[in-house]
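Please keep the sequence and the coordinates at hand while reading.

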Amino acid sequence: MKILVFGATGSQQFNIIAEAKKKGAEVIAATSSANSFEKLEQAGATPILANLSDADKMKEITKGVDAIAFMIPVSLPNPFDGLQYSKNVIDAAKENGVKKIVWNTSGWLESQKIGSPVDDVKLDVLDYLKNSGIDYVIIEPTIYMENMMGPFCAPFITNEQKLAYPTPEAMPIGWIASRDVSAFVVEAIYNAALKADTFKISGLENLKGNDLASQFSKGVAEEIVYYPQKPKEFGDILKPLVGEAGASSVAAYYENLQNATEYPSKFNPKMSEVLEKLPVKMTSLEEWAKDNKGYFIK
């Protein structure tokens, strides 16, 4: 099995390399920067320089590939470019007889367009993929545990023993480990019975803020308390990473959550049904915190 992975330099897709290698796959990792080659090679992949905007290059690198693990880049200057980039990959896959595309959507898809370019463009990609004629599986993860490693959270844990996140304490979330999402992607590639399937996935624990901090505390063996971060504070920290417009958009989303009386669902209570088709050993928040203690506790 030859698998082409997009986004493998980032935390959301990097673990696909190891999960695919466990099954004996040959992994090719597309990257837009040669600086990533060493990291990808050390993980066991063959890196290849390619930009999603280059349709001809997509046709070149998908030749001889059995499956594609796809993800739209998270921070595009123009989110609507995500549709054309996706079309380039899907069209190349179709032309070269790729058997399956598994798309990690980086979050649950909206049921309809909501005026957010980052979310709305994914619905256009969804339509294009469904109508492509290629077998596909869509993996929709909730919020990654790895988000806690971001600069808006990790320094608060290290320096103030606070788990900072801009969601209200009362809002429950089924946090999921990146490694688990990667395992779902690989299982979807290898399950030949899945040809036009979508899975909303979450962790097995639906944790409110204080519960999250409690499980995290157990993992790192330190007393950590939940800190419902103010959206503006969060946005200011995020600004150097994603730009002012992107940070303002994200901050506005969390501002709405802070004022909400009902919260959007971030948990799938039927994960047992998903695990029947995609058998993955799930990671608890406590286990994840224990594994990554050295990152937070200095």
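Is glutamine 161 buried, partly exposed or exposed? The model is a predicted one, and in it glutamine 161 has a relative accessible area of 36%, which places this residue in the partly exposed class.

## Two positive phi angles

Glutamine 161 sits in the loop between α6 (154–160) and β7 (162–165). Its phi is positive, at about 55°, although the residue is not a glycine. Most residues other than glycine have a negative phi.

Serine 106 also has a positive phi without being a glycine, here of about 60°. This serine belongs to the loop between β5 (100–104) and α5 (117–130), and with a relative accessibility of 26% serine 106 counts as partly exposed.

## The chain as a whole

The chain contains 12 helices and 9 strands. Its radius of gyration is 19 Å, close to the 19 Å that the globule rule gives for 298 residues, and the chain is therefore as compact as a globular protein of that length. Among the contacts with a separation of 6 or more, 75% are accounted for by residues 24 or more positions apart. The chain carries 31 positive and 38 negative side chains, and the centres of these two sets lie 3 Å apart.

## An enclosed helix

Helix α7, which covers residues 178–190, has 13 residues and reaches 19 Å from its first C-alpha to its last, close to the 18 Å expected at 1.5 Å a residue. Because 11 of the 13 residues of α7 are buried, this helix is largely enclosed by the rest of the structure.

The buried residues of α7 include Val181, Phe184, Val185, Val186 and Ile189, and among them are also Asp180 and Glu187, together with Ser178, Ser182, Ala183 and Ala188.

## Positions in a loop and in two helices

Where does serine 36 lie? Serine 36 is found in the loop between β2 (26–31) and α2 (37–43). With a relative accessible area of 15%, serine 36 is buried, since the limit for that class is under 20%. Not counting residues up to four places away in sequence, serine 36 touches Thr9 and Thr31.

Lysine 94 lies in helix α4 (residues 81–95) and is exposed, with a relative accessible area of 53%. When neighbours within four places in sequence are left aside, lysine 94 is in contact with Ser132 and Ile134. Lysine 94 and lysine 59 are 35 residues apart in sequence, while their C-alpha atoms are 9.4 Å apart in space.

## A position in helix α9

Alanine 252 has its place in helix α9, which runs over residues 231–258, and with a relative accessible area of 39% alanine 252 is partly exposed. Between alanine 252 and proline 231 there are 21 residues of separation in sequence and 7.3 Å in space, C-alpha to C-alpha.

Note on methods. Residues are numbered from 1 along each chain as its sequence is written. This is a predicted model: local features need pLDDT of at least 70, side-chain atom pairs count only at pLDDT 80 or more; totals for chains, interfaces and linings use all residues. Side-chain values use heavy atoms; hydrogens and water are left out. Helices (H or I, at least four residues) and strands (E, at least two) are DSSP runs, numbered from the N terminus. The radius of gyration is taken over C-alpha atoms; the globule rule is 2.2 Å times the number of residues to the power 0.38. Contact means heavy atoms within 4.5 Å. Lys and Arg count as positive and Asp and Glu as negative; His and the chain ends are not counted. The place of a charge is taken as NZ of Lys, CZ of Arg, CG of Asp or CD of Glu. The expected span of a helix is 1.5 Å times one less than its number of residues. Buried means under 20% relative accessible area, exposed over 50%, partly exposed in between (1.4 Å probe, protein chains only).
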